[in-house]
Amino acid sequence: MSQPDYLQPFADCLTQSSQWLSAQAEAGEKHIGYFCTYTPVELIHACGFVPIRVMGEPGVVEQAYSLVPDFICPFMKCALEKALNGGFKYLKGVVQGYTCDVSCGMANIWKENIPGELYHTFPLPYTDAPATRDYLHKEFQAFIHKAEQAGGEFRLERLQSSLDMYAAIRRSLLSLYQFGEDGAPALNARERHIVVQAGYVAPPDLFLGMLEALASQKPFNSRESQAGIPVLISGSLVESVGVFDAMEKAGARIVADDLCSGYRNLLPVDGSGSGPMERLIDRYVNRFPCPSRCRAENRFPLLMDRIEQTGARGVIFLIQKFCTPHLADIPELTRLLKAAGIPVLVVEMDESWRMGGQLQTRLEGFVEMIDGMYGTNHGKI
């Protein structure tokens, strides 16, 4: 699909990443895959590997069912299906931060079934205390030892550089969520999604250059982009931009997200500390939380902050089917949001990410309900 000039490099990155990552691997580049953004990519990069986020991509699952049951999330099933079909031959292994049980179990399934040289899971602490920081420091050192045995080479000054580069990337991406003078964000939700996803499959130095080029073009939207009912979407990964198109077609305007493939991964942009390892630890013990790392009642004030900052009038929970951590949070978050006067819609997507007529009708009904609550004249808020 043709994109605006400022967006085309990012769209090309997504559609062509398999080809050029394979070419880079043949030339000697060492790529390591990861599922979850709790994985310390800066440390992987500092060990001489290029972290690449494993994407599931919509599709039909067949081979993966010989290794996993049907009742796990579509993201993991589709990613395993792609791996079994040879779609990740450019990876030298998978490194994973311990978040949901499925992702950690999947890392072990990959180790047993997908050829590679480096497999590792980081057991991340749930609390922040001196003892947990010492524990995480030892875990990071254990990874460094394993990475060096797999051909990596760690240097502390390289970790410093990696931290600086990823922090610059996150600051640049956060600027895309900020509102311009005309009250519209720099990019709409569909465009932001394409840019952010490109960063998961591009080497970080290349991606930072692409973001700097994007900033120089200042692709700010017109006042027309203010039309529509402002909503926040919350969930895990979105693997099809079609869902954004369906929401906008229904009359919604996505002004904020709480997605692990979006805003949630950007905070904090950096950690603090006396040295690079302390900075790294500080960032990962203070990550903007997802349901697998935080109780619903503790996520609620964070969602309300985003709602108040962006003027969202409703929340759409966009959940991958069988995503237990997110599904477990929905009853309590729905109760709290409705008590605060915020309407809620829950949408579950399977591995096809197909936007059927029934879903479109539900989205339109939700938007019309909010429109009626506020008397906003068809979304012109």
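Predicted model: local features only at pLDDT ≥ 70, side-chain atom pairs only at ≥ 80, totals over all residues.
Trainee: How many aromatic pairs does the structure hold?

Mentor: Nine.

Trainee: Why is the pair of Phe88 and Tyr90 called edge-to-face?

Mentor: The ring centres are 6.1 Å apart, and pairing needs centres within 6.5 Å. The planes stand at 70 degrees, and edge-to-face needs over 60. So Phe88 and Tyr90 form an edge-to-face pair.

Trainee: What makes Phe88 count as buried?

Mentor: Its relative accessible area is 6%. Buried means under 20%, so Phe88 is buried. Tyr90 is buried too, at 5% relative accessibility.

Trainee: Which cluster do ring pairs make?

Mentor: Ring pairs link Phe88 and Tyr90 with Phe35, Phe75 and Trp110.

Trainee: How do you know that Tyr263 and Phe288 form an aromatic pair, and of what kind?

Mentor: Their centres lie 6.0 Å apart, with 85 degrees between the planes. The limits are within 6.5 Å for a pair and over 60 degrees for edge-to-face. The pair is therefore edge-to-face.

Trainee: What does the pair of Tyr263 and Phe288 tie together?

Mentor: Parts that are 25 residues apart in sequence. Tyr263 lies in the loop between strand 6 and helix 10. Phe288 lies in the loop between helix 10 and helix 11.

Trainee: Are Tyr263 and Phe288 buried or exposed?

Mentor: Tyr263 has a relative accessible area of 9%, and Phe288 has 15%. The cut-off is under 20%, so Tyr263 is buried and Phe288 is buried.

Trainee: Which charged end sits over the ring of Tyr263?

Mentor: That of Arg306, 3.8 Å from the ring centre. The charged end of Arg313 sits over the ring of Tyr374, 4.1 Å from its centre.

Terms used. Residues numbered from 1 in each chain as written. Heavy atoms only, no water. Phe/Tyr/Trp six-rings, centres within 6.5 Å; stacked < 30°, edge-to-face > 60°. Buried < 20%, exposed > 50% of the residue type's maximum accessible area, 1.4 Å probe, protein only. Helix = DSSP H or I, 4+ residues; strand = E, 2+ residues; numbered from the N terminus. Lys NZ or Arg CZ within 6 Å of the ring centre and 35° of its normal.
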